Amino acid sequence: MSDFVSSVATAKRIVVKVGSSLLTNDGQGLDPQAIGEWSSQIAALRRQNKQIILVSSGAIAEGMARLKWKTRPKAMSELQAAAAVGQMGLIQAYESAFASHNMRAAQILLTHEDLADRLRYLNARTTIFKLLELGVIPIVNENDTVVTDEIRLGDNDTLGAVVSNLIEADALIILTDQRGLYDSDPRNNPDARFIHLATAGDPALQKMAGGAGSHIGTGGMLTKVLAAQRAASSGATTIIASGREERVLERLGLGEAIGTELRAAPSLRSARKQWMADHLRLPGKLVLDEGACKALIDQGKSLLAVGVTDVIGEFERGDVVACTDSQHREIARGLTNYSAADTRRIMRHPTNEIESILGNCRDEELIHRNNMVLVQTSKHTASAES
Ligand SMILES: Nc1ncnc2c1ncn2[C@@H]1O[C@H](COP(=O)(O)OP(=O)(O)O)[C@@H](O)[C@H]1O
Ligand SMILES: N[C@@H](CCC(=O)OP(=O)(O)O)C(=O)O
């Protein structure tokens, strides 16, 4: 028995990764009952007031069943074809399972490149946040059709971590066919000891983890341990637990310490905020009025166009820009949703006028709070917030 409370209890935004082995009948196509069970458990977490993003594998396994292939192909083009065929079944199954709980789901297919490109990264983020705001469950998988071996994330454990970083999730739950992480592969060593709690990124964990245990799964424990390390860089805690444990998600949400919990070291600062803070040369500056400075510093709010009095420099949507007070002292920086040209047109105007000025209103905020880092203390010193 573990004597700690699961971090899932206090987590508000959670990425849940479900591996192929938990969605299929021994790799032979999707198991609708399993999908029904996952959607019920996610509905239970929603009732606990948590935002859930599902990273689901299973497209290749379902595609193989639909194409009547008995063994997993090796050729990239065949894997991609299977994924393309199977992804439809996967989404179809989730769509009807969530509908029975009066919930909507959305399909998000991502590649490594989408997240390496700043604009596409920002668009993916904005879309996922909007879906969460609307109460929709985003279902994410890798866009297998367009990726080659070299640029493939390759396993959904890594994708789960990348998505956790993207939306700054509090927790990443990786569900698999084992109770969690042991100090060696329990399939080969019956005396393997179970790890309840450890720090993500501890090099000892990598030595314990082996490859995939089944012909269905891809990564094994090693990709899960590495995913935990990656998720920790934006502060998320990872839980590796058995998907066969009854009501596992709901119980984790209630604080039961099921599985292995890999916590981020307390000192870790959000990687994205670090990235913004590290920008030395910014392409532009927004000068804010007093009210906007207060909203950012004291109230933790997003920046709206109405609070901007001047735009200096040239920049595009997605660039990191500085926000200054009327004395040109930098108080914050963040990813802007509007170019310099558009900002000049909408500054000093309330949000409800953006559409009539620009012809559309893609984002209500000029810089969303989630995309901003404060770079001053109340004394206007230049130290970055931690
Ligand atoms: N130290 C370890 N502790 C637990 N499982 C391990 C360990 N090393 C390797 N494994 C293997 O990892 C497998 C889970 O990974 P994988 O087959 O990729 O599943 P999934 O499809 O859920 O991602 C387990 O079935 C197990 O055999
Ligand atoms: N994109 C692939 C996922 C591959 C994968 O990581 O599978 P798994 O190791 O079972 O989580 C699919 O949908 O089949």
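# A guided tour of the chain, stop by stop

Select residues 284-367 to begin, which an unreviewed UniProt entry lists as "domain: PUA"; UniProt positions are given here in the numbering of this model, feature names are shortened, and annotations may be inferred rather than shown by experiment. The model you are viewing is predicted, and local features need pLDDT of at least 70, side-chain atom pairs count only at pLDDT 80 or more, while totals for chains, interfaces and linings use all residues. Residues are numbered from 1 along each chain as its sequence is written, and chains are lettered from A and ligands numbered from 1 in the order in which they are written.

Over residues 284-367 the chain is 24% helix and 26% strand, and the end C-alpha atoms lie 13 Å apart. Helices (H or I, at least four residues) and strands (E, at least two) are DSSP runs, numbered from the N terminus.

Stay in this region and pick Ile346, which is found in helix 12 (residues 340-346). Ile346 is buried, with 22 other C-beta atoms within 10 Å; a residue is called buried if 20 or more other C-beta atoms lie within 10 Å of its own, exposed if 12 or fewer, and partly exposed in between, with C-beta atoms placed from the backbone. Leaving aside residues up to four places away in sequence, Ile346 touches Ala305, Tyr338, Ile354, Ile357 and Leu358, where two residues are in contact if their C-beta atoms, placed from the backbone, lie within 7 Å.

Next, display ligand 2, which 16 residues surround, the closest being Ser20, Ser57, Ala59, Ile60 and Asn156; a residue counts here if its C-beta atom, placed from the backbone, lies within 6 Å of the molecule. Helix 2 (59-66) and strand 4 (137-142) are the elements that give two or more residues to this shell, and the largest share, three residues, comes from helix 2. By class, the shell has four nonpolar, nine polar and three charged residues, where Ala, Val, Leu, Ile, Met, Phe, Trp, Tyr, Cys and Pro count as nonpolar, Asp, Glu, Lys and Arg as charged, and the others, Gly among them, as polar.

Ser57 sits in the loop between strand 2 (51-56) and helix 2, and Ser57 is buried, with 29 other C-beta atoms within 10 Å. Asn156, in helix 6 (residues 156-166), is also buried, with 28 other C-beta atoms within 10 Å. Among the residues that Asn156 touches, beyond those up to four places away in sequence, are Lys17, Val55 and Ser57.

The last stop is helix 5 (residues 118-133), whose end C-alpha atoms are 22 Å apart, in agreement with the 22 Å that its 16 residues should span at 1.5 Å a residue, the expected span being 1.5 Å times one less than the number of residues. Which residues of helix 5 are buried? Colour Leu122, Ala124 and Ile128, which are buried in helix 5. They cover an arc of only 160° around the axis, which puts them on the same side of helix 5; the arc is that of the directions from the helix axis to the C-beta atoms. Among the elements that the buried residues of helix 5 pack against are strand 2, strand 4 and helix 6.
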